[in-house]
Amino acid sequence: MTYTTTLDGTRIAYQLRGDGAPLVLLAGQANNHHWWDPVRSDFHPARSTITLDYRGTGDSDKPDTPHTTELLAQDVIAVLDDLGIDRADIYGTSMGGRVAQQLAARHPHRVSALVLGCTSPGGPHGIERDNGVRRALAQSHPGAARQALLELMYTPRWLSDHPGPYHTLGDPRMPAHSRRHHLAASNRHNAWDLLPSISAPTLVLHGTDDQLNPAANAPLLADRIPGARLHLIPDTRHAYFEEARTHASPMVLDFLTTTSHRP
């Protein structure tokens, strides 16, 4: 395990795998780098991959202080600085996509190309999940809430063929205060005014059947970011990148390859 320390003294754990041009993979809310375990190797024929444990997750410090997606983006910059990487491709999913928006808008010289998956601009323009989804996730019985989250992540057919383990259900070692800070960071994200300033070539991906982060957010992002491409992956839910990996991963690699010549 490798660590860097941010300007506010928080120690961030990160992981570097493979060889080639760097691709930063950013996980969803309340998850550590294991979110990417099922698909990480898909990118190694052409890219090295960098993941990190967000503050509050994994082997990183877990300060009981407010988090924002802008702060989490600054943590990514600290990792890139520690590795001596000036520019990298960024692929963020779910809350990681919100962090990626902050990165691309506020640190444009550090982002070569951007992929935003199953994410939202946040704020008043973002499309929120409906109350039925909220109630399902808030069930008092842990097993019922976990099952509800599984069914929001994956289709029934995929679940029947893949009994686990599942890497997208949250970091079980997170303290309660870190879960609260992650939820607040995601809920308070509002990049609407920043999106038009993103200059990196951008691909927006989303599963058509995503109810956890409604698919209607994808065209909002694509229309708001200059020149962005949009692709909806049919019959997939929030974890499209895992369930449809044979479709999604090559699409991401092809996009990154065709845009890599840009300055």
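Before going on, a word about the source. This is a predicted model, in which local features need pLDDT of at least 70 and side-chain atom pairs count only at pLDDT 80 or more, while totals for chains, interfaces and linings use all residues. Residues are numbered from 1 along each chain as its sequence is written, and side-chain values use heavy atoms, with hydrogens and water left out.

Let me give the overall picture. The protein chain has 9 helices and 8 strands, these being DSSP runs numbered from the N terminus, with helices as H or I of at least four residues and strands as E of at least two. A compact globule of 263 residues would have a radius of gyration near 18 Å, and the protein chain, at 17 Å, agrees with that; the radius is taken over C-alpha atoms, and the globule rule is 2.2 Å times the number of residues to the power 0.38. The C-alpha trace spans about 50 × 40 × 35 Å along its principal axes.

Of the 263 residues in the protein chain, 56% are buried. If we take contact to mean heavy atoms within 4.5 Å, then among the contacts with a separation of 6 or more, 75% are between residues 24 or more positions apart. The chain exposes about 11200 Å², of which carbon and sulfur atoms supply 51%, the areas coming from the Shrake-Rupley method with a 1.4 Å probe.

Now back to the helices.

The next helix is α2, residues 95-106, where 12 residues should span 16 Å and the end C-alpha atoms are 17 Å apart, which agrees. How many of its residues are buried? The count is 11 of 12, so that α2 is mostly covered, and the buried set includes Met 95, Arg 98, Gln 101 and Gln 102. Those buried residues pack against β3, α1, β5, β6, α6 and α7.

Helix α9, residues 245-259, has 15 residues that should span 21 Å, in agreement with end C-alpha atoms 21 Å apart. Among its buried residues are Ala 248, Met 251, Phe 255 and Thr 259. Val 252 belongs to this helix as well, and its relative accessible area of 0% is why it counts as buried. Leaving aside neighbours within four places in sequence, Val 252 is in contact with Phe 43, Tyr 91, Val 115, Leu 203 and Leu 205, whereas its C-alpha atom is separated by 27 Å from that of Asn 187, 65 residues away along the chain.

Finally, some details in the loops. The peptide bond from Gly 164 to Pro 165 is cis, with omega near 5 degrees, and Pro 165 sits in the loop between α5 and α6. Two residues other than glycine deserve a look for their positive phi: Cys 118, with a value near 45 degrees, and Asp 235, with about 60 degrees. Is Cys 118 buried or exposed? At 0% relative accessibility, Cys 118 counts as buried, and its place is the loop between β6 and α3. Asp 235, in the loop between β8 and α8, is exposed, with a relative accessible area of 56%.

One more loop residue is His 34, which lies between β3 and β4 and is partly exposed at 35% relative accessible area. From His 34 to Asp 53 there are 19 residues in sequence and 8.7 Å in space, C-alpha to C-alpha.

How values were computed:
Buried means under 20% relative accessible area, exposed over 50%, partly exposed in between (1.4 Å probe, protein chains only). The expected span of a helix is 1.5 Å times one less than its number of residues.
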